[in-house]
Amino acid sequence: MNALLGRSAVLLGLIGCVAGVLVLGSGLRHRRPAVLRAGRQYAWLVLAGAVAAVVAMERALLTHDFSLTFVADNASRSTPVIFTVASLWSALAGSILLWSLVLAVYLVAVVVKFRHRSADPLVAWATLVMYVVAGFFFALMLGPANPFTKVGGPVPLDGPGPNPLLQNHPLMIIHPPVLYAGYVGFTVPFAFAVAALVTGRVGEGWLIETRRWTLVAWGLLSVGIVLGAWWSYEVLGWGGYWAWDPVENASFLPWLCATAYIHSVMVQERRGMLRVWNLSLLLATFSLTILGTFLTRSGVLNSVHAFSQSAIGPWILTFFGVVLAVSIGLIGWRGDRLRSPGSIDSPLSREGAFLANNVLFAGFAFVVLLGTVFPLLVEAVNGQQLTVGEPYFNQMTQPLALTLLFLMAIAPALPWRKASGELLRTRLAVPAWVAAATLVILVASGKRGLAPLLAFALGAFAAAAAVRQLVLATRRAVAEGSGWWRGIVGRANGGMIVHLGVVIVAVAFAASQAYGHRAEFTLQPGQSARLAGHTVTLVDPVRTIQHANRTSVVADVRIDGGPVYRPQVSQYFSQAGAAVGTPSVHTTAAGLTDVYLSLVAPPVNPGDPTVISVTVQPLIAWLWFGGALIGLGTLLAILPGRRRRPTAPASASASASAHQARRFGRDRREPTGTPRVPAGTRAAVEVPPA
Amino acid sequence: MSAPRRRTRTALYGAGTAALLLAAFIGVLATRKSAVDQQATSPLLGKVAPALAGTDFVGGGPFNLTSLRGRYVLVNFFASWCVPCQQEQPQLVRFAGEPSGDTAVVGVLFEDTPGPARAYLRANGGTWPALADSDVGQAALDWGVRGPPESYLVDPNGIVLAKFIGEVSAAYLERLVAEAEGAVGAPAVARSAAPTTAAPAASGARAGGPTG
């Protein structure tokens, strides 16, 4: 029943995609607006298919329909309901199903959002591209990643449940969907980039439209990555949160490209430049999501996260090849005709800084990509096997990250076109003093190490610059009588809040990497041990607790004479042989220090000592806080801020700018084939915050 | 658009270069085998396995690899902190089979201590002999191990048949054993040279290892 429903739903989705492609294709070919308008309706069919398939799978999981292979492999009667729901994304076929659902939601959102312009060939092309991508994933589910295959032979009475690592922390319930929402979201800007190249309309109009979609995807991906780091910290028990694992890199690579795009697209909006580069970044972002999926799902690389490997490798690789061929072909075919004639006047300008930012982010992405695939390349060349470890990534990315922090500090202070030395002096004075003061205080308090100190000083510099912008924007908003909150809403202000979040994450990363301590202690009940100024005491002999789905061995450990923490090791009944640790974390006030306990080895015989690993790291909690701030800042950046279109006079009254915005809203719909003249000269009217 | 502007071809050339590089890249990816069961080259292949002896911290008492002559032995370098090791553990349990069977598993610790490893093995169903490496990691040096999990399949004559970097699967190991059994009678491998030490010491590259 569930299998039948699920398969029919997947088929329905695929039919929707194919029909959409055919109808839109014929409409574009014969230039029939009515057909183009009809073509968007199939998105609902795709969504219906995806929703029905997910419902069928969840129903099968919740009703323990072990006649489905996926359920038999990933569900068990003893798994709590909430983790049974989350089992959908604990293995490959289900995660493809989730991917299809997310993509279908984006598809319908695009169709609804652009419903009044569905006859525009550019929108039609973008929708068509999304149908093709969605069609690929539905086809995967009919072929090699079919979630609705039936078990051969007798139906089992119970299953093993999800991998124990995936069912012992609530973060597993939200981390994958949020990450997917971001990862898959880059399909929308990709589709519009392809459409812009195909139609040759690389004007600014569509860009303003897709910027917000990119921001949504970027924000969700950022939060998803941080949630993943948090999950790994809370579950894996080694006290770390980021190991440059292929799966982590797979999510980080598109993030880097998209971050570069979010910055350089502003140059295009203001100055009309970097059009082809921006398109390339969007194409690269999407290609990297597909490459990442291949690297982590095909089993070519060993990964801590290799929870699901299967035969979809060749399919995804082929799709990756098609995406690349289309992207590169379009750029090669159209690129030179679409390039803008303008050039950057001075390296010491906002656009100069964005360019530097792009070079750094592209370099960053290259370094991470190289480290990820290097073992494969070396093996292909001389058959040798090697692993690229954390030292490579840390050493290579450190200077890039520090330079980015520095840019983050000065770029917001730079005006467009050209900056004078005096202007910079005025604007950077306060942030520079803050940075210097931070450095002096830290050195005086005994902190050492070049890299972390640089990170803290530059972080303070960047944070002060961001706060300065926010204060100025808020003051201006109050002066204009439009409410202080206007000072934190909108692209520029929301962006500054994102910058603050990134600075906090960067500082926390540097601090925890540089000043962490880890040790293992063998303790008898009542004994204590000290590490980095913290005392841990094993209070009682370890206890064994029976849960519905697992047996846990719990150690009661008192930290600094205060509350008792309980690291444990659990053995899941349904998973023979696999024991999973659950660390316990004590965070001191303001998140300054984390004391991380994991139970390494409970005593074998009564009277034996207990082995506990203790990790003391500073500022770990700041990582999670910084991630939340990035999410919040993105949200504020998406909200419409002060309307200041390039042609709107800076001194226009509120009502006049609203009028301008409305007028522009219509203007942007012009379906002409010629790109608009870049509004560079008028953009220079923009008054920098004073 | 009066006088045609002289066009540069940056985008075309850039795209062409990218296309060539990425086509080669896809070619490389397409020809990779799965990392699970990936056999690695090693100077030890076809040679007598390096000596491996010490105290078995699971069962207690002395252990010597030579005592397992006559059986196919998987020498598994592992650590309790290594997540892929934990993931491959059920496969090892399957391959180890009955204590009296013709296959066996021996664990060797890599950058880990017997305390946590003993608990790890017990929790994950490992009942086979396990040795702690010396302070300098002599066994890892002798065998050329860079990071866990790495495994070596040693045949009944003590000859190294295969090296695996990363996880192994029992099915694949059993197939190798079956193939080796089928090839009995094939020319014996020269046993003259003593095995040379392979790769340099283990680097700091421990996937998922502790930081800080």
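Helices (DSSP runs of H or I, at least four residues) and strands (runs of E, at least two) are numbered from the N terminus. The structure is a predicted model, in which local features need pLDDT of at least 70 and side-chain atom pairs count only at pLDDT 80 or more, while totals for chains, interfaces and linings use all residues. Residues are numbered from 1 along each chain as its sequence is written, and chains are lettered from A and ligands numbered from 1 in the order in which they are written.

Helix 7 of chain A covers residues 121-142, and its 22 residues reach 31 Å from first C-alpha to last. This is close to the 32 Å expected at 1.5 Å a residue, the expected span being 1.5 Å times one less than the number of residues. Of the 22 residues in helix 7 of chain A, 20 are buried (20 or more other C-beta atoms within 10 Å of the residue's own, with C-beta atoms placed from the backbone).

Confidence is given as pLDDT, from 0 to 100 for each residue. Chain A averages 86, and 90% of its residues score at least 70.

Residues 304-309 of chain A have pLDDT below 50.

Chain B has five helices and eight strands, in the order α-β-β-β-β-α-β-α-β-α-β-β-α from the N terminus. Of its 212 residues, 43% count as buried.

Methods:
A residue is buried if 20 or more other C-beta atoms lie within 10 Å of its own, exposed if 12 or fewer, and partly exposed in between; C-beta atoms are placed from the backbone. pLDDT is the predictor's confidence in each residue, from 0 to 100. Two residues are in contact if their C-beta atoms, placed from the backbone, lie within 7 Å.
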